[in-house]
Amino acid sequence: MSLKEVLQEHKDRRKKDPLAVMTMIIKHSKPSILMHQTRLGTDEIVMALASETKELLYYEDRADSSHLCVTIDKDILANNPTLQLHNNMEDCYIDICSPDVLSLFTDNFDYQHLRRHFVKGLLVDDIMGYKIYTHEIHSSYAARIDNFRSYDAVSKDIIQRWTYPMVPDVLSFGNCHEMKLHRQGIYKASDVTLSHSAQIGANSVIGNATSIGEQCKILNSVIGEGCSIGKNVLIHGSYIWDNVIIEDGCKVSNSLVCDDVHLRAGAIVEPGCILSFKIKVGKNVVVPAYSKVSLLDKPSNEDSDEELEYADTNSGVTDSAPFSSTRGNADHPTIVSEDDELGASETCTSGVLGYIWASGDTGILEEWRQSIAPIPKEKLQELQHAVSVDGDVGSEEDLNNRPSEADRDNDSEIGVIEDDDYTKFEKEVSSI
């Protein structure tokens, strides 16, 4: 998107109102949350805007959309006879800020997050009177990638040319390894070795100096540069980065494979997996769904930034010996001797060279929300049910179960009030 229009809009508004310190760029979400997955990787956003000025009056981001009740501070309604309440807006995380924003962060040294702390802090501050405005884009494209699902959604938008002219064939025009667009949205570099029996499906990208063997199927996937794909390989809905070796008979579904990964013959990577740089997977090994494998052990919460040790990017190994671990025993990996070859049965993962990170305490943000894998059927049913409930008036029992006005908090919290200590502390501080 071009910033020219919104910059001028922000400058003109600042001349009229010095308290207008920020302009936030937003856009409408795609029509159906069941068909398009951009919103599912991030918290659902509810915002209230002044109808005429587009001033931001209320902002709440939340991951749990099970509570469909929204509580707005009565002062907002008293000062604004009409307002627009949206939960179909996408925050592009592009902001035009005045120099006052820097000083506000300096004054409020406890601010850590631009949205959860700074924006909410300004909206509830009645003393300084600073204001935040919004600018909605329509024909332009802007998006924020901060998890794997949004990475997948934006990548698909690029391949399907919603971001024109920022598309592969235009960006590579004039290069020695120019990318060309073919039918059905297939992009192929000039130097690709493709077997006659190989099948390339729609919306796929094949990078330069990549070879694809016989009877391979590449469907809805991106293959990087310098990759070697063997015979009878199935790659579906995945992203294969540069210099990856995939031997005969492997299957990769809805996963991300980073640079220099080596999959031995018959290896299977199930949906939702992330294989980090220089990972090796043994013959006939099945990497379980939603696994995250790295040469680095998962850092603990107690580790400080100074204590974290990173692998040498040139050598691709950590300071310690390489490890092979199962998903349930990631904290105590088994050292593999250099003489041992990676190998495992069809159901175990002892043939994965690296640490398989155990799922952390992500709360409501489940693995399926922030992965490349398709949404599970049971989750789709839950979403459909939530949408249908949202469209209904509700039964008498539902109305009786709703909190009364006396039970609702006046601080514009959405849904059921959280009772954790941190939330109580925030409320106590903001009321002082």
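The following legends describe close-up views of a predicted model of a protein chain.

**Figure 1. Overview of the predicted chain and its confidence.**
The protein chain comprises 432 residues, of which 38% count as buried. Its secondary structure consists of 9 helices and 30 strands. Among the contacts with a separation of 6 or more, 45% are made by residues 24 or more positions apart. The chain exposes about 24,500 Å², and carbon and sulfur atoms supply 51% of this area. The average pLDDT is 77, and 70% of the residues score at least 70.

Over residues 33-38 the pLDDT stays under 50. In the model, this stretch has 14 contacts beyond four places in sequence. Residues 393-419 likewise have a pLDDT below 50. For residues 393-419 the model has 31 contacts beyond near neighbours in sequence.

**Figure 2. The open mixed sheet running from β9 to β29.**
An open sheet is built from 7 strands in the order β9-β12-β15-β18-β21-β24-β29, and its pairing is mixed. At the β29 end, strand β24 (residues 280-281) pairs with β29 in the antiparallel sense over 2 bridges. Within this pairing, Val-281 has Val-352 of β29 as its bridge partner.

**Figure 3. The loop residue Ser-276.**
Ser-276 is placed in the loop between β23 (274-275) and β24. Ser-276 has a relative accessible area of 18% and is therefore buried, as the value is under the 20% cut-off. Leaving aside residues up to four places away in sequence, Ser-276 touches Cys-258, Val-261, Val-293 and Ser-294.

**Figure 4. The open parallel sheet running from β10 to β25.**
In this open sheet, 6 strands follow the order β10-β13-β16-β19-β22-β25, with parallel pairing. Strands β10 (199-200) and β25 (286-287) form the edges, each pairing on one side only. Strand β22 (residues 268-269) runs parallel to β25 and is joined to β25 by 2 bridges. The bridge partner of Ile-268 in β25 is Val-286.

Side chains of opposite charge can pair when their charged atoms come close. Glu-9 and Arg-13 form a salt bridge in which the closest N and O atoms are 2.9 Å apart. Both residues lie in helix α1 (residues 4-16), where a separation of 4 residues corresponds to about one turn of the helix. The two partners fall into separate accessibility classes: Glu-9 is partly exposed, with a relative accessible area of 26%, whereas Arg-13 counts as buried at 15% relative accessibility.

Arg-14 forms a salt bridge with Asp-100, and the closest N and O atoms are 3.1 Å apart. This pair links distant parts of the chain, with Arg-14 in helix α1 and Asp-100 in helix α3 (residues 100-107), 86 residues apart. Arg-14 is partly exposed, at a relative accessible area of 24%. Asp-100 is also partly exposed, with a value of 21%.

**Figure 5. The nonpolar surface patch that includes Leu-7.**
Met-1, Leu-3 and Leu-7 form a nonpolar patch on the surface. Together, these three residues have about 220 Å² of accessible area. Leu-7 is located in helix α1. The relative accessible area of Leu-7 is 34%, and the residue is partly exposed.

**Figure 6. Further salt bridges of the model.**
A search of the whole structure finds 9 salt bridges. One of the pairs is formed by Asp-146 and Arg-144, whose closest N and O atoms are 3.0 Å apart. Asp-146 is partly exposed, with a relative accessible area of 40%. Arg-144 likewise counts as partly exposed, at 33% relative accessibility. Elsewhere in the model, Asp-91, Asp-95 and Arg-115 are linked in a network of salt bridges.

Terms used:
Residues numbered from 1 in each chain as written. Predicted model: local features only at pLDDT ≥ 70, side-chain atom pairs only at ≥ 80, totals over all residues. Heavy atoms only, no water. Pairing = 2+ DSSP bridges. Salt bridge = Lys/Arg side-chain N within 4 Å of Asp/Glu carboxyl O. Buried < 20%, exposed > 50% of the residue type's maximum accessible area, 1.4 Å probe, protein only. pLDDT = per-residue confidence, 0-100. Contact = heavy atoms within 4.5 Å. Areas by Shrake-Rupley, 256 points an atom, 1.4 Å probe, with all protein chains shown as cover. Patch = residues over 30% accessible without salt bridge, like charges linked within 9 Å, V, L, I, M, F, W, Y side chains within 5 Å.
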